[in-house]
Amino acid sequence: MDETEFWEIIDATREAADGDPEEHADLLIERLTQLDPDSVVDFARHFENRFHRAYRWDVWGAADIMLGGASDDAFDFFRCWLIGQGRHVFEGALHEPDALASLIDAFDPEVDGDAEDLGYAADEAYEALTGVRLPDLALSDPPSEPEGTYFDFEDSDGMADRFPKLWARFS
């Protein structure tokens, strides 16, 4: 599976779910079970690579503003949600996290920003296909700390300066 196919599957299942993160995960599992096990492993590798790429302080800061606070777990679930928004939103957010203010139309922090189940879709699909757990993906270890320079999420002035568009929309 190449990157284009990965994003096509993400997009098609998100659109069919009409933006509902739980329905998105269910449809993604359903779609992945239509593939062969090796393709599901490839999908999982693509997902994990993007999950790790988004482990950055600036992306965490954006999540903190959008969600009204983001613990470690909330940031993990946010990164799954971010991948689930598709290539355009994902890459745009990594390029400039403040751009999420315009990349995302409607956003309800009670529903959006939390797509934990997307992170398990490949695992569930692989197990459904094979009866065994998803094998090790043979990826490098995830970073122990987010990339970039830490900054204080509690510093309102600093957050407003760093993320003016998100601050104006979500604070």
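Predicted model: local features only at pLDDT ≥ 70, side-chain atom pairs only at ≥ 80, totals over all residues.
Residues are numbered from 1 along each chain as its sequence is written, and side-chain values use heavy atoms, with hydrogens and water left out.

## Fold and core

The protein chain holds ten helices and zero strands, where helices (H or I, at least four residues) and strands (E, at least two) are DSSP runs numbered from the N terminus. Read along the sequence, the pattern is therefore α-α-α-α-α-α-α-α-α-α. The C-alpha trace spans about 50 × 35 × 25 Å along its principal axes. The radius of gyration of the protein chain is 16 Å, which agrees with the value near 16 Å that a compact globule of 171 residues would have; this radius is taken over C-alpha atoms, and the globule rule is 2.2 Å times the number of residues to the power 0.38.

Of the 171 residues, 46% are buried, a term that means under 20% relative accessible area, with exposed meaning over 50% and partly exposed lying in between (1.4 Å probe, protein chains only). Among contacts (heavy atoms within 4.5 Å) with a separation of 6 or more, 72% join residues 24 or more positions apart.

The largest nonpolar core has 54 residues, such a core being a set of buried Ala, Val, Leu, Ile, Met, Phe, Trp, Tyr and Cys residues joined through side-chain atoms within 4.5 Å. Leu32, Phe43, Met66, Phe78, Leu82, Leu100 and Leu166 have the most contacts inside this core. Leu100, taken as one example, touches Ala62, Met66, Phe78, Leu82, Val89, Ala93, Leu166 and Arg169 when residues up to four places away in sequence are not counted.

## Pockets and cavity

On a 1 Å grid over the protein atoms alone, a cavity is a set of points where a 1.4 Å probe fits but cannot get out, whereas a pocket is an open set with protein on both sides within 12 Å along at least five of seven lines, and lining residues have an atom within 4 Å of a point. Grid points are joined across faces, edges and corners, and a volume is the space filled by probe spheres set on the points. For the classes, Ala, Val, Leu, Ile, Met, Phe, Trp, Tyr, Cys and Pro count as nonpolar, Asp, Glu, Lys and Arg as charged, and the others, Gly among them, as polar.

| Space | Volume | Lining by class |
|---|---|---|
| Largest pocket | about 290 Å³ | twelve nonpolar, three polar, four charged |
| Second largest pocket | about 190 Å³ | five nonpolar, two polar, three charged |
| Largest cavity | about 50 Å³ | four nonpolar, four polar, two charged |

The largest pocket is lined by 19 residues, and Ala44, Glu48, His52, Leu137 and Leu139 lie nearest its centre. Helix H3 (37-53) and helix H8 (121-130) each supply at least two residues of this lining, with H3 giving the most, five residues.

The second largest pocket is lined by Arg14, Gly19, Trp81, Gln85, Val89, Leu103, Ile104, Asp105, Ala106 and Asp112.

The count of cavities of 30 Å³ or more comes to one. The lining of the largest cavity consists of Arg14, Gly19, Asp20, Pro21, His24, Trp81, Gly84, Gln85, Ala115 and Leu118, and helix H2 (21-32) and helix H5 (72-84) are the elements that give two or more residues to it.

Ala128 lies in helix H8 and counts as exposed at 58% relative accessibility; its C-alpha atom is separated by 7.1 Å from that of Thr33, 95 residues apart along the chain. Leu129 also lies in helix H8 but is partly exposed at 33% relative accessibility. The C-alpha atoms of Leu129 and Leu35 are 8.8 Å apart in space and 94 residues apart in sequence, and Leu129 touches Leu32, Thr33, Leu35, Asp36, Pro37 and Val40, with residues up to four places away in sequence not counted.

Ala138 lies in the loop between H8 and helix H9 (156-162) and is exposed, with a relative accessible area of 64%. Most residues other than glycine have a negative phi. Phi of Ala138, however, is near 55°, a positive value.

Glu147 is found in the loop between H8 and H9 and is partly exposed at 49% relative accessibility. Glu147 touches Tyr55, Arg56 and Trp57, not counting residues up to four places away in sequence, while its C-alpha atom is separated by 28 Å from that of His24, 123 residues apart along the chain.
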